[in-house]
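Let's take a walk through this structure together, one stop at a time. Have the sequence and the 3D view ready.

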Amino acid sequence: MVATRETVEAVDEAVGKYKYGFSTDIESEKAPKGLSEDTVRFISAKKNEPEWLLEWRLDAFRRWLNMEEPDWAKVNYPKIDYQDAYYYSAPKSDDDRPKSLDEIDPKILETYDKLGIPLVEQMALAGIAVDAVFDSVSVATTFKERLAEAGVIFCSFSEAVQDHPELVRQYLGTVVPVTDNYFATLNSAVFSDGSFVYVPKGVRCPMELSTYFRINEADTGQFERTLIIVEDGAYVSYLEGCTAPMRDEHQLHAAVVELVCLEDAEIKYSTVQNWYPGDEDGNGGIYNFVTKRGDCRGDNSKISWTQVETGSAVTWKYPSCVLRGDNSVGEFYSIAISNNLQQVDSGTKMIHLGKNTSSRIISKGISAGRSSSTYRGLVSVHKKAEDARNFTQCDSLLIGDRCSAHTVPYIESKNPSAILEHEATTSKLSEDQLFYCRQRGLDEEEAVALLVNGFCRDVLQQLPMEFAVEAQKLVGISLEGSVG
Amino acid sequence: MLEIKDLHASVDGTPILKGISLTIGDGEIHAIMGPNGSGKSTLSNVLAGRENYMITKGSIIYKGKDLTELSIEERASAGIFLAFQYPTEIPGVTTMTFLKTAVNAQRKARGEDELDAVKFLKLVREKAKELKVEEDMLKRPLNVGFSGGEKKRAETLQMSLLQPSLAVLDETDSGLDIDALKIVADGVNRMRAPDRSMIVITHYQRLLDYIVPDHVHVLAKGKIIRSGGKALAAELEASGYTDLTESAA
Ligand SMILES: Nc1ncnc2c1ncn2[C@@H]1O[C@H](COP(=O)(O)OP(=O)(O)O)[C@@H](O)[C@H]1O
Ligand SMILES: [Mg+2]
């Protein structure tokens with residue numbers, strides 16, 4: 001908590017439009033620019049991967065060559081030149097992995113300091129294990145011992161490939177198949193690193209697991225791959241947080257997150273995403289095309305996605321749940337904020353396959369400036385999904401009159417026993433409320449932050465405490481200059 | 001404290017206030033009475049600096065300075081508090097959070113240290129108890145689903161935490177039963193101080209039995225048509241506004 005507060009203060013103190021606008025100069029080993037089979041082989045070799053994984057990547061790459069970039073989302077961006085980017089970079093010390101924080105490049109630690117996340121303090125105070133993904137390779141993994149005692153594996157994806165290849169092989173691509181979509185296929189070919197979590201039967205993970213992602217290399221597309229496996233009766237809460245430095249070129253980010261939730265298990269996955277959204281004219285932000293999906297594979301399992309999206313120039317993201325097990329539960333709580341020229345097309349998919357499955361969707365969209373925000377949600381009830389239930393609530397808040405919000409709910413029900421409820425509201429930040437707050441001494445920005453946080457309360461409450469405070473501040477920061 | 005001279009103001013282009021002059025000394029309580037639509041709330045909004053309320057003529061001097069040069073929040077931090085006739089609902093923001101945000105925003109604006117959570121909690125509990133504001137109410141979103149009485153008590157609670165120099169109470173008595181009225185009036189009376197002035201706006205003289213004013217003014221059609229001591233309130237009660245407004249017309 002204290003660490004979080006420091007983060008918040010550091011953020012407050014920083015000046016300029018984008019508070020995290022700096023970049024660290026760390027020499028990196030890069031794959032040659034461009035994308036070819038050679039690039040894929042280079043990445044795989046760099047990581048000393050087993051043959052089967054190389055083949056898996058190559059298969060994905062060949063399929064990707066024959067795919068078309070989707071254009072159905074309500075976002076516009078210049079054509080991405082996939083040959084004009086680097087697909088792999090790692091801090092120089094890749095061969096010589098650090099064993100403790102002392103061995104970590106001080107520049108990296110400094111970067112965390114600038115972000116206001118003193119790693120050591122954060123871990124000590126919040127009791128969070130941090131698998132800090134810096135650029136593509138994880139450089140700091142801690143609290144391993146406590147986790148190991150409980151039998152929990154929490155490591156970088158590359159480490160998992162080396163140390164637990166059987167688990168990776170068993171589950172990789174089983175939730176998001178190689179050919180799922182254009183960006184997921186691209187990721188499957190060139191993914192660099194990410195996180196791996198395994199919680200064995202009956203274990204309640206003793207701490208919240210947290211990964212701080214950062215994109216730090218110019219021109220380096222980021223292709224994170226995260227795989228979380230929670231066995232029967234086990235539980236984990238996973239936190240993902242992101243910030244990115246100022247850049248002129250648009251940066252592509254196409255991550256894949258796969259969650260496997262077995263019988264009676266529960267996964268809570270929370271994201272606070274604060275990538276550089278671009279300047280007021282829309283220059284320089286991150287393109288975020290992410291595939292996140294959870295598979296409630298076992299009966300009575302539960303997956304809960306909570307996300308706070310404040311960043312990126314273009315966001316295309318639909319964390320989804322496949323409710324395969326009987327009585328399984330999927331939840332999606334989302335806050336998506338768009339300002340200036342940001343474009344957000346986000347939502348969720350709840351696929352009801354098992355009997356008595358239920359899902360709950362609470363989406364809060366806030367649009368300011370000239371931004372556009374679309375909620376796109378699918379609730380699909382398959383034939384055998386007896387007594388499925390869904391409750392969806394989509395609330396949009398508009399700030400100013402140049403922004404737009406759209407709600408696109410798709411509902412497919414092939415089983416008449418399904419009970420599906422949908423509520424949607426659109427409101428404007430009211431002048432009465434602003435006046436009331438300002439009369440009490442809040443300036444316009446504080447007032448907006450307070451009111452918007454109030455609007456988002458139902459979702460913010462779903463976040464673990466460590467994240468909630470930070471998220472509240474981000475809400476305010478990302479809406480600066482949106483009124484008046 | 002406050003000197004209003006020949007104030008004319010329009011709301012969204014419609015002239016509402018038509019030449020108000022009013023001088024309020026330190027520690028004084030002035031009651032403003034008048035029929036519905038006479039411009040009482042307009043005056044309070046103008047004092048608070050609401051944006052679509054345009055001053056077309058006249059001046060407002062507060063603590064020796066031109067009030068009209070300050071923004072809404074600057075006025076608030078300078079000690080001007082408006083207890084709203086119809087307090088706005090703030091969904092999702094608990095009363096406690098709102099209070100803390102407001103108190104600290106003003107402290108920050110004045111260059112004072114912000115109160116930490118513990119100190120603040122202690123302060124709120126103390127004030128809340130005086131106004132019979134239940135702990136439960138502090139946890140609910142501000143004004144959302146509050147009864148009329150709860151809203152007015154919440155306004156009074158804010159005033160007692162913010163310790164303004166000039167409080168404008170806009171029909172703080174409306175919608176209150178006699179018990180609630182007494183609680184609120186007690187709260188206001190506790191705040192009487194030599195360096196704090198108040199404008200008590202009311203439609204009925206009933207409130208003035210509990211908050212006894214130093215001066216009473218009658219507002220009609222955007223003008224003060226009569227001023228006097230507290231006896232004027234009783235006189236109005238007996239004769240009603242119609243006589244007055246007609247004789248003024
Ligand atoms: N936005 C507005 N545009 C035009 N006229 C308004 C507006 N708001 C209030 N008025 C008018 O201003 C007059 C004074 O209103 P108000 O100050 O609320 O009176 P009071 O508080 O004394 O009942 C009324 O005639 C009302 O109809
Ligand atoms: Mg009124």
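This is a predicted model: local features need pLDDT of at least 70, side-chain atom pairs count only at pLDDT 80 or more; totals for chains, interfaces and linings use all residues.

With that, take a look at helix α1 of chain B. It's mostly covered, with 8 of its 9 residues buried. The buried ones are B:Lys40, B:Thr42, B:Leu43, B:Ser44, B:Asn45, B:Val46, B:Leu47 and B:Ala48. B:Ser41, on the other hand, is partly exposed, because its relative accessible area is 24%, and buried would take a value under 20%. Just past the helix, B:Gly49 takes a positive phi of about 90°.

Now for ligand 1. Its surroundings include B:Val11, B:Asp12, B:Thr14 and B:Ile16, along with a run from B:Pro35 through B:Asn36, B:Gly37, B:Ser38, B:Gly39, B:Lys40 and B:Ser41 to B:Thr42. Zoom in and you'll find some polar contacts. B:Asp12 puts a polar side-chain atom 3.1 Å from a nitrogen atom of the ligand. B:Ser38 uses its backbone instead, with an N or O atom 3.2 Å from a ligand oxygen. A polar backbone atom of B:Ser41 sits 2.9 Å from an oxygen atom of ligand 1. On its own, ligand 1 would expose 560 Å², and the protein buries 62% of that. Two elements of chain B, β2 (14-24) and α1 (40-48), each give two or more residues to the shell. The largest share, 3 residues, comes from α1(B).

Which protein atoms are the donors of the magnesium ion, ligand 2? They are OG of B:Ser41 and OE1 of B:Gln85, lying 2.1 to 2.2 Å from the ion. This pair links distant parts of the chain: B:Ser41 belongs to helix α1, while B:Gln85 is in the loop between β6 (80-83) and α3 (95-109), 44 residues apart. B:Gln85 counts as buried because its relative accessible area is 16%.

The last stop is over in chain A, at A:Phe435 in helix α10 (residues 431-439). With a relative accessible area of 1%, A:Phe435 is buried. What does A:Phe435 touch? Its contacts are B:Asn45, B:Ala48, B:Arg50, B:Ile72, B:Leu82 and B:Phe84, leaving aside residues up to four places away in sequence. Two of these, B:Asn45 and B:Ala48, are among the buried residues of α1(B), which brings us back to the helix where we began.

Terms used. Residues are numbered from 1 along each chain as its sequence is written. Chains are lettered from A and ligands numbered from 1 in the order in which they are written. Side-chain values use heavy atoms; hydrogens and water are left out. A residue is near a molecule or strand if one of its heavy atoms lies within 4 Å of it. A polar contact is a pair of N or O atoms within 3.5 Å; within protein, one must be able to donate a hydrogen and the other to accept it, and residues adjacent in sequence count only if both atoms are side-chain atoms. Accessible areas come from the Shrake-Rupley method with a 1.4 Å probe; for residues, only the protein chains shown count as cover. Helices (H or I, at least four residues) and strands (E, at least two) are DSSP runs, numbered from the N terminus. Donors are N, O and S atoms within 2.8 Å of the metal (3.2 Å for Na, K and Ca); water is not among the atoms, so sites may look incomplete. Buried means under 20% relative accessible area, exposed over 50%, partly exposed in between (1.4 Å probe, protein chains only). Contact means heavy atoms within 4.5 Å.
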